[in-house]
Amino acid sequence: MRRHRPGTTPHRSPRSLARLGVALLLTVAAGVGAGGAAPAGTPADGTGADAARARAAEPAALDSVIPAPAAVAPGGSPYEITADTGIRVPPGSSAAAGAAREAGEYLAGVLRPSTGFELPVGSESGDVELRLSAGLKKAVGTEGYELASGADGVVISAAAPAGLFHGVQTLRQLLPPAVEAGTAQDGPWLVAGGRITDEPRFAYRSAMLDVARHFFTVEQVKRYIDQLALYKYNTLHLHLTDDQGWRLAIDSWPNLAEYGGSTQVGGGPGGYYTKDQYRDIVAYAASRHMTVVPEVDMPGHTNAALASYAELNCDGVAPPLYTGTSVGFSSLCVPKEVTYDFVDDVLRELAELTPGKYLHIGGDEAHSTPHEEYVAFMDRAQEVVGKYGKTVVGWHQLTGANPVDGAVAQYWGTSGGEQEVIDAAKAGTPLVLSPANRTYLDMKYHEGTPLGLSWAGYVEVRQSYDWDPGTYMKGGVPESAILGVEAPLWSETLSTSDQIEFMAFPRAAGAAELGWSPAEKLGWEGYRDRLVAQGPRWEEMGIDFYRSTQVPWQ
């Protein structure tokens, strides 16, 4: 089951936990413990500081980034970003040119604080060039890119602005971790010579944030979006409603947010997004080339709605608000026609706010809904999604009903062997894979993890990464049936950005690689070595990540 939860776990700050682990980290760095060998390049003669300085003067290898690029051809002299560097973008006033300019300004915004350089962005000149070329679409699609670097400069080429943005993330990782600092740092700022040709393996690369169990502000969501963008995610799934809270204003049913959004797990104040705030999140995600997929979970996980409107209950009595973590006890009243007025109004307003093609209608753990009623409800709910021009996404229990043509099922099981899911995938229902014992970012890393839950087991960094989405499902499901990969983060035990980051990183980086990189580039040993380089970068970014003993952090 997806969310059979114990009560909220008392916890200490992950940052405090990390400090307590310093001695262990030093031991691992020396090659003792689960992490294995000492970091590559550590000299045997004890001159570690000298070696570190030498490494800092060498550019990162082109194949050292996450996600692993599809093809790398190193060679030639590196390029150095200096005070004379400018960023060149396509001329013109077209939407594509404007989006390319935004990517250039984004890159400059990352580089200026740490380098101290002006880095003007314009269409006349610049050693770092962002180039749009429609002819590249056949080679790298709409999200891929080419990056060519040499002594004279760096050129990132793509068929569409999303590709330029992803190429910028690769360039960012090729620069030293200090580039993420908010104040001027010492260089040099070197980019290795050679060429990268890159494109994603899967079209749908998503992370989910549960804002229903605990509410997170617009700024907290934006912070998470920025962190995900570094790893080329293109989708943000927002779990907006559940038993514990309703997090989006709906004009036609105002009590949903005003009353249903007034609490959260543990009884805190909760909160909700106004429509303008939701639009702000959607626009911010779009500026990072991420599409928001909103979820209104139904017919179960609906206590916040049932508490807000008595008429949605079969007995006409509104239950109290709920602040616990149990699941499966709530259900909309399927026989009542007012239920479908509610569904129509909510999905209509949600569709109007959401430019992306998908609406997620949940559908999981509806244990209080008889199966025949569940099937009838999902038939009507899917019809409403289509009525407003959107495509249905539902948790994989949708495959036990009647998925409409084009509907997407999100798999959260742990074996890949559920026959209903296998049959639906082979019949044409695309799958987004979120196996709970691999990609659920709220699962504890180990027994002593102060946050998270463990109903799907403990999910250490290797466990989360060491699987192949293309071959995961059993029963002959082909890779072509897999739309992509999602890393969900449920928030029963999480209430701060620091806690989000501790549970998400490093595992969110691994899920991103599984969604982007070709199968032949996957492998724990290579990924682990590249993950080491992310630690200093996350420190510069202020990300309080989990320092797994499986990784020989520097």
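**View 1. Helix 4 and the lining of the second largest pocket.** Helix 4 gives four residues to this lining, the most of any contributor. Helix 4 (95–115) and helix 7 (218–229) each supply at least two lining residues. Helices here are DSSP runs of H or I with at least four residues, numbered from the N terminus. The model is predicted: local features need pLDDT of at least 70, side-chain atom pairs count only at pLDDT 80 or more, and totals for chains, interfaces and linings use all residues. Residues are numbered from 1 along each chain as its sequence is written, and side-chain values use heavy atoms, without hydrogens and water.

**View 2. The space and residues of the second largest pocket.** The second largest pocket holds about 300 Å³ of space. Of its 14 lining residues, those closest to the centre are Val110, Arg172, Glu180, Asp226 and Met541. A pocket is an open set of points, on a 1 Å grid over the protein atoms alone, where a 1.4 Å probe fits, with protein on both sides within 12 Å along at least five of seven lines; lining residues have an atom within 4 Å of a point. Volume is the space filled by probe spheres set on the points, which are joined across faces, edges and corners.

**View 3. The disulfide of Cys314 and Cys333.** The structure holds one disulfide, a pair of cysteine sulfur atoms within 2.5 Å. Cys314 is joined to Cys333 with an S to S distance of 2.0 Å. Both cysteines lie in the loop between helix 10 (303–308) and helix 11 (337–353), so the pair ties together parts 19 residues apart in sequence. Cys314 is exposed at 54% relative accessibility, whereas Cys333 is buried at 3%; buried means under 20% relative accessible area, exposed over 50%, and partly exposed in between (1.4 Å probe, protein chains only).
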